[in-house]
Structures are given as structure tokens and as C-alpha cells.
Amino acid sequence: MGDQVLELFPHPGQRRDLKNLYLDQLASLPEDGPPFIYSNYIASLDGRIALPAADRHSHQVPPAIANDRDWRLFQELAAQADLLITSGRYFRQAADAETQSELPVGQAREFDDLRAWRRDQGLRPQPDIAVFSASLDIPLQTLEHYRDRRLFLITGKQADSDKLAELTGDGRMEHIACGDGAAVDASGLKRHLQALAYRRVYAIAGPSVLHTLVSGNALDRLYHTTAHCLLGGKEFDTFVWGEALQPAVALPLLAMYLDTEAPPGCGQTMAVYGR
Ligand SMILES: NC(=O)c1ccc[n+]([C@@H]2O[C@H](COP(=O)([O-])OP(=O)(O)OC[C@H]3O[C@@H](n4cnc5c(N)ncnc54)[C@H](OP(=O)(O)O)[C@@H]3O)[C@@H](O)[C@H]2O)c1
């Protein structure tokens, strides 16, 4: 199929260019109204999104499933965002130099077109960043790289005031308190983000953040790539982690594509769920 994928739903049999497949996905959203929050994962058939890294100190997306074609779509989703949601864990890993990539939109030449697209749309050069944290254990030096973006720290109301002062002092980060405990309760999140005029919010953190969004009824759409291979392993992350969701959260299928080119030898399906 080369540079194309096969649409399986809703128009089965059509071939679509992989490039820009996700770029226009959010174009039809009304310009006003509450923020639209979306997330994106790549998983194996057995539901693994991350396994222990070689040093076993952290978890990483397994090389057997990570691939350039899915990464392109990840970047296209970021190109449409005015705010990213990430986690304290991301910045700790960045401090340990374990993180493989900067927060999107990537500066690599292969994403020049996406950064140009943002300019053409009148968007800021890069999306702003919101960091979910309960521990507030965020190494200050890792924020320097993102001085050109607005940085928000999202916590519960019981967050440690000394650590909060350290992170928000000097205007480094702006604080948003969501929920009565130390952790974020996302049920009021959209209200806060709407007051700040954010419209397209891309959650690129992991399974606890996704669980927080889903339990707070704040997730609108899930992009989910399944690499057609089994990874096994006894220590792994899947893409939602937390208390059982009751009732189960319904995410109807909006679209699905078959990509036979990657990962090599197995291919992947790219599905879009929600609204
Ligand atoms: N395959 C994929 O598509 C994919 C996508 C994303 C991530 N991953 C992988 O998944 C693994 C786990 O990612 P992760 O550790 O970032 O995921 P995570 O479990 O969502 O996030 C961990 C951190 O987020 C903060 N957090 C989560 N929920 C919170 C809440 N309700 N209130 C306040 N803070 C909250 C906490 O930060 P503090 O500790 O600072 O309190 C927590 O330690 C990583 O290996 C990552 O590479 C894979």
C-alpha cells in the first residue's frame, strides 16, 4: 500500500493517503463552546502500551510497536492542538535524559509542513502545555526548554504549597486547582480550560491521566492504533489505569484504517472512537 492506508469504516475499501489522514480531523468543530479533549495511543494486540526499558528503571513504548507512520499521525494530532496535557512523569524522565523526544510539535524537518500548517491556521507556533501532577516533583530545569509556551500546573486543591510556590514562582508555571484532594479531579477541567479560551486539547500522557479524564467525563475522542503483534510481559502499562469505570464508558467507532506497511511483518489498524 506504500504511502496509503485502506479505510475499513465508515467507507470500506477506499484508499487514503497516510499523510494528513488525521490533520483535518478536528476541522469541523465549532469555534466556540467547551474544549474538545482527545488522546492517542499505540498498543499491541495484547494491550501493552509500554514495557520496562532496558535499564528497568522506567517503562517505554516498545520498539516492536513504535513506528514512523503512527508517529506521523501523533504529530498531526498535536499540530491541531492549542494545549497539550502531559504529566509530571514526563519531566522527571526528561531530567534523566530517558525521554526520546521533545513535546510536539516536533522540530524535525519531516514535520516542517505541520508547523507551517499551524501558522497558516493562525495558531501559535507550538501548543501550550498543561502538566498533571500530584507529587509536584518536577525538575525546574526541564521547563526551560518550553519557555516559549504557556505552562500550566494542574493539581488538586490540597497540593503542597511550598512545592507549588517553587514551581509557580517567577511566573514559570500558572497553577490550576481541579478537585478537592491532592490529585486532579477532571470533572471541572473543561470549565477552567474554556475560561482560558483553549479549544483543542491533546492529552499525550499515560494511563493514569487518561483514567482521570475518563472518570471526570472529560474525554471526547480516543485515537487508538493497534499493532498486530503480541508482546507478552508481566510488567506492562495498558492505556487506562485506575478504579473500574462503572458504568463502562461507551466510545463508538468513528473510523478505522488498515496499514499493512508498519510495523514490519504485522501491520496495524488505526481506529478513532468517541465523538
Ligand atoms: N504507547 C503509547 O501510545 C503511550 C502513550 C502515552 C504513554 N505511554 C507510556 O506509558 C507509560 C506510563 O506513562 P505515564 O507515567 O506518563 O502515565 P500516567 O500514569 O498517566 O502518568 C503518571 C503521572 O501523571 C500524574 N498524574 C496522573 N493522574 C493524575 C491525577 N489524577 N492527578 C495528578 N497527577 C496525576 C502523576 O504525576 P506525579 O507523579 O508528578 O504526581 C503520575 O505520576 C510510559 O512508559 C509512557 O512512555 C505510552
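Visitor: What makes β1 and β12 a pair of strands?

Guide: Three bridges join β1 (residues 4–9) to β12 (residues 253–259) in this predicted model. A pair needs at least two bridges. The three bridges therefore meet the cut-off. The two strands run antiparallel.

Visitor: Which residue in β12 is the bridge partner of Phe 9?

Guide: Met 256 is the bridge partner of Phe 9. Met 256 also stands opposite Ala 271 in β13.

Visitor: How do you know that β12 and β13 pair?

Guide: Six bridges link β12 with β13 (residues 268–274), in the antiparallel sense. At least two are required, so these strands count as paired. Ala 255 stands opposite Val 272 in β13.

Visitor: Which strands stand at the edges of the open sheet?

Guide: The sheet has eleven strands, in the order β2-β1-β12-β13-β11-β3-β10-β6-β7-β8-β9, and its pairing is mixed. β2 (15–17) and β9 (174–177) stand at the edges. Each has a single partner strand, so one side of each is left without a neighbour in the sheet. On average, neighbouring strands of this sheet are turned by 25° against each other, direction ignored.

Visitor: Why are α1 and α3 called roughly parallel?

Guide: α1 (residues 68–79) and α3 (residues 112–120) pack at an angle of about 15°. Angles under 35 degrees count as roughly parallel. The two helices are therefore roughly parallel to each other. Their axes lie 10 Å apart, and α1 passes α3 in a right-handed crossing.

Visitor: Which residues meet where α1 and α3 pack?

Guide: Gln 75, Glu 76 and Ala 79 in α1 meet Leu 114, Trp 117 and Arg 118 in α3. By class, that contact has three nonpolar, one polar and two charged residues.

Visitor: How does α1 run relative to β3?

Guide: α1 runs at about 170° to β3.

Visitor: What about α6 and β10?

Guide: α6 runs at about 135° to β10. That value falls between 115 and 145 degrees, so the angle counts as oblique.

Visitor: Which helix supplies the largest share of the shell around the ligand?

Guide: α6 (207–215) does, with four residues. In total, 25 residues surround the ligand; the closest are His 59, Ser 87, Gly 88, Gly 206 and Ser 208. By class, the shell has 13 nonpolar, nine polar and three charged residues.

Note on methods. Residues numbered from 1 in each chain as written. Predicted model: local features only at pLDDT ≥ 70, side-chain atom pairs only at ≥ 80, totals over all residues. Axes fitted to C-alpha atoms, helices over the stretch in contact; angles between N-to-C directions. Parallel < 35°, antiparallel > 145°, perpendicular 65-115°, else oblique. Left-handed = near helix turned anticlockwise from the far one by under 90°. Contact = placed C-beta atoms within 7 Å. Nonpolar A, V, L, I, M, F, W, Y, C, P; charged D, E, K, R; others polar. Near = placed C-beta within 6 Å.
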